[in-house]
Amino acid sequence: MNNQKWALITGASAGIGAEFARQLAAKGWSLLLVARRTDKLTALQTEVTNHNQVECQILAVDLAEVNANQLVFNYCHEQKINISMLVNNAGYGVPGDFDAVDWTTHQAMLQVMLISLVELSHLFYPNMKKEKQGFIINVASLAGLTPPTAGHTLYGALKSFVIKFSHSLHLEAKEHGVHVSALCPGFTYTEFHDVNGTRSMVSQMSKKLWMTASDVVSQGIQAVEKNQAVYINGRRNRMIAGLCKYLPEGVVRFLMKGSVAKFRKR
Ligand SMILES: NC(=O)c1ccc[n+]([C@@H]2O[C@H](COP(=O)([O-])OP(=O)(O)OC[C@H]3O[C@@H](n4cnc5c(N)ncnc54)[C@H](OP(=O)(O)O)[C@@H]3O)[C@@H](O)[C@H]2O)c1
């Protein structure tokens, strides 16, 4: 198995992460799947190994724990798993105003969606650079490119950070043969809105604004293969991001009043 190439996917037990697992396995990648729910990871492990000639290992880890990233890295070292693709995908939304959410919840969100993503990149990138090949996909969001909203206070800010961090790393890494992309999906059918309790609100939105995880992921894989720094999924989402970039913020904010901002739970 000398040609075996390994991808590490965080948040692989559901939604976009699980779809990355399916599509990368179909492309011949062996997988290390990370999330908290062992039952979901085990079911996905069975599914991908039944359908593909690849190895798949699972690691039940809570990325909100401060030592979790080092633990994942040590596991790879002990198992001689050489990670050539890192998909930093784990994430969730927290509804409510800033002061209505307790600090422990904010801290866990910062740990999972900011520290973990940066620390795993910091742990695995040096070897990719040494080998002059590798891929890092950081799952951001269209929310990182649109004006801020009241409620879900940290979410857009975190996703803006992910986009800017990924773009900087992309610029550094490209001269070393390592591809880094920020993937920016808009509304995507996954467990995301069930977990944060906004399903009934967001299901009132036009179906035209929604994409499948399958489309988001296949476009994301293509984007990192082409080494695109920032990839926005879907024509409509690209149009929204374009309007946000070029129209005055006041105008965009006015337009958003009747759309996305209306569906933020406070
Ligand atoms: N769905 C959308 O509309 C949308 C739009 C734009 C961006 N995104 C982004 O896409 C990414 C994936 O979200 P999704 O839509 O696929 O949501 P999802 O279906 O709810 O999946 C989220 C994944 O993150 C994992 N996760 C959450 N907390 C974790 C923790 N503390 N430690 C380890 N794993 C954790 C979950 O696994 P466990 O619960 O098993 O730990 C699950 O596998 C997120 O970064 C999200 O912000 C989603």
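R199 sits at 24% relative accessibility, which puts it in the partly exposed class. In this predicted model, R199 pairs with D194 in a salt bridge, with 2.9 Å between N and O. D194 is partly exposed too, with a relative accessible area of 45%.

That pair is one of 7 salt bridges found when the whole structure is searched. As a general point, side chains of opposite charge can pair when their charged atoms come close. Two other pairs are worth a look for how far they reach along the chain. R22 and E47 meet through their side chains at 2.7 Å, N to O. R22 belongs to helix α1 (residues 15-26) and E47 to helix α2 (residues 38-51), so this bridge ties together parts that are 25 residues apart in sequence. Both ends are partly exposed: R22 has a relative accessible area of 32%, and E47 comes in at 30%.

E191 is in the loop between β7 (188-189) and α6 (192-195), while R37 is in the loop between β2 and α2, so here the parts tied together are 154 residues apart in sequence. E191 counts as partly exposed at 24% relative accessibility, and R37 does as well at 35%.

| Salt bridge | N to O distance |
|---|---|
| R22 and E47 | 2.7 Å |
| R199 and D194 | 2.9 Å |

Now for the ligand. There are 32 residues around it, and those that come nearest are S13, R36, N89, Y155 and T190. D62 has a side-chain N or O atom 2.8 Å from a nitrogen atom of the ligand. On the oxygen side, a polar side-chain atom of T190 lies 2.6 Å from a ligand oxygen, and K159 places a polar side-chain atom 3.0 Å from an oxygen atom of the ligand. On its own the ligand has 880 Å² of accessible area, and the protein covers 96% of that.

Which helices supply at least two residues each to the shell around the ligand? They are α1, α5 and α6. Of the elements contributing, α6 gives the largest share, with 3 residues.

N89 is located in the loop between β4 and α4, and at 10% relative accessibility it counts as buried. The N89 side chain reaches the backbone oxygen of G11 at 3.0 Å. Leaving out residues up to four places away in sequence, N89 touches T10, G11, I16, G17 and V139.

The largest nonpolar core has 45 residues, and L8, L32, V34, V72, I83 and F124 have the most contacts inside it. At least two residues of this core come from each of β1 (6-10), β2 (30-35), α3 (68-78), β4 (83-88), α4 (103-131), α5 (153-173) and β6 (178-184). The largest share is from α4, which supplies 10 residues.

What does I83 contact once neighbours within four places in sequence are set aside? The partners are W6, A7, L8, C76, F124 and M128. Apart from this core there is a second, separate one of 31 residues, with L33, L44, V48 and M211 among its members.

K80 isn't a glycine, yet its phi is positive at about 55 degrees. K80 is in the loop between α3 and β4 and counts as exposed, with 73% relative accessibility. K132 also has a positive phi, near 60 degrees, and is likewise a residue other than glycine. K132 is found in the loop between α4 and β5 (134-139). Buried or exposed, where does K132 fall? At 61% relative accessibility, K132 counts as exposed.

Terms used
Residues numbered from 1 in each chain as written. Predicted model: local features only at pLDDT ≥ 70, side-chain atom pairs only at ≥ 80, totals over all residues. Heavy atoms only, no water. Core = buried A, V, L, I, M, F, W, Y, C linked by side-chain atoms within 4.5 Å. Buried < 20%, exposed > 50% of the residue type's maximum accessible area, 1.4 Å probe, protein only. Helix = DSSP H or I, 4+ residues; strand = E, 2+ residues; numbered from the N terminus. Contact = heavy atoms within 4.5 Å. Salt bridge = Lys/Arg side-chain N within 4 Å of Asp/Glu carboxyl O. Near = heavy atom within 4 Å. Polar contact = N/O pair within 3.5 Å; in protein donor to acceptor, adjacent residues only side chain to side chain. Areas by Shrake-Rupley, 256 points an atom, 1.4 Å probe, with all protein chains shown as cover.
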